[in-house]
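Hi,

Here is the structure I said I would pass on.

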Amino acid sequence: MRLRTLPDPDLLPALDRDHAVERPANGLPEGLQHPPRILLLYGSLRDRSYSRFAVEEAARLVRFFGGEPRIFDPSDLPLPDQVRGDDHPAVRELREHAMWSEGQIWCSPERHGQITGVMKAQIDHLPLKMGGMRPTQGRTLAVMQVSGGSQSFNAVNTLRLLGRWMRMFTIPNQSSVAKAFQEFDGDGRMLPSSYYERIVDVVEELVRFTILLRPHVDLLTDRYSERKQAGRKPVDASRDLSAIAVAPQEKKTGT
């Protein structure tokens, strides 16, 4: 499988556990009980890739907050339209992981004021519609970037635009790590800093939004134009898991 093995998955030396909530979505209504499934994409193939390091830190935090992370390895992913009909095992696997996910984290280096080609190629391989399935629609999304120089938001702004285009629910928080070469040690672990704290904020918020929204996805993505094209009826809100989860419950009186 084209998934990266996460080194030291439960080692979080930069996290102050006295201030961390292991289950940040506790108290929110949820109809589904399995761990939130999070796919993470990064945008550089360098051996010492800071976007990959940032994604690995985020994946460890996903685990800490009770989720299930998968980090896709794009090292043998072809360019879009390079292979006829996208018939390539890496493309198929990326799409399978996207379908598996309930939320995603995208992290790109900023290069020439924009996201990298590696990052864009992964997103371009995720179609809005694939048969009767939609690999990105209704999923939550968190965006992050790393920069070699001063702090910038060009890459995260582009990732937000792409997330909206892919019909994803992009959370308000985001992370931009400036001078990334100063923020990681020789083993690729992020040093304690305000930049690390922001990544904790981002992952914590993503887990909350994913758990809050995932029972609602069918209702929130139910569109008139698509119903008309497919000849189907609207989603019945009274049978939707989200409506059931948040509906006030009648109190039974004793006899």
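**Where two helices meet**

In α1, the residues A54, E57, A58, L61 and V62 meet Y196, I199, V200 and V203 of α5. Contact here means heavy atoms within 4.5 Å. Sorted by type, the residues of this contact are eight nonpolar, no polar and one charged. (Ala, Val, Leu, Ile, Met, Phe, Trp, Tyr, Cys and Pro count as nonpolar, Asp, Glu, Lys and Arg as charged, and the others, Gly among them, as polar.)

Before going on: this is a predicted model, in which local features need pLDDT of at least 70 and side-chain atom pairs count only at pLDDT 80 or more, while totals for chains, interfaces and linings use all residues. Residues are numbered from 1 along each chain as its sequence is written, and side-chain values use heavy atoms, with hydrogens and water left out.

Helices (H or I, at least four residues) and strands (E, at least two) are DSSP runs, numbered from the N terminus. Helix α1 covers residues 50-64 and helix α5 residues 194-213; their axes come within 10 Å and cross at roughly 50°. Axes are lines fitted to C-alpha atoms, for helices over the stretch in contact, and angles run from 0 to 180 degrees between N-to-C directions. That angle makes α1 oblique to α5. (Under 35 degrees is roughly parallel, over 145 roughly antiparallel, 65 to 115 roughly perpendicular, and the rest oblique.)

Is E57 buried or exposed? It counts as buried, because its relative accessibility is 1%. (Buried is under 20% relative accessible area, exposed over 50%, partly exposed in between, with a 1.4 Å probe and protein chains only.) Leaving aside neighbours within four places in sequence, E57 touches G188, R189, M190 and Y196.

**More on α5**

The buried residues of α5 include Y196, I199, V200, V202, V203 and L206. What do the buried residues of α5 pack against? The list is β1 (37-42), α1, β3 (103-109), β4 (140-146), β5 (169-177) and α6 (217-220).

**A142 in β4**

A142 lies in strand β4 and counts as buried, because its relative accessibility is 0%. A142 and S175 are 33 residues apart in sequence, and their C-alpha atoms are 8.7 Å apart in space.

Cheers
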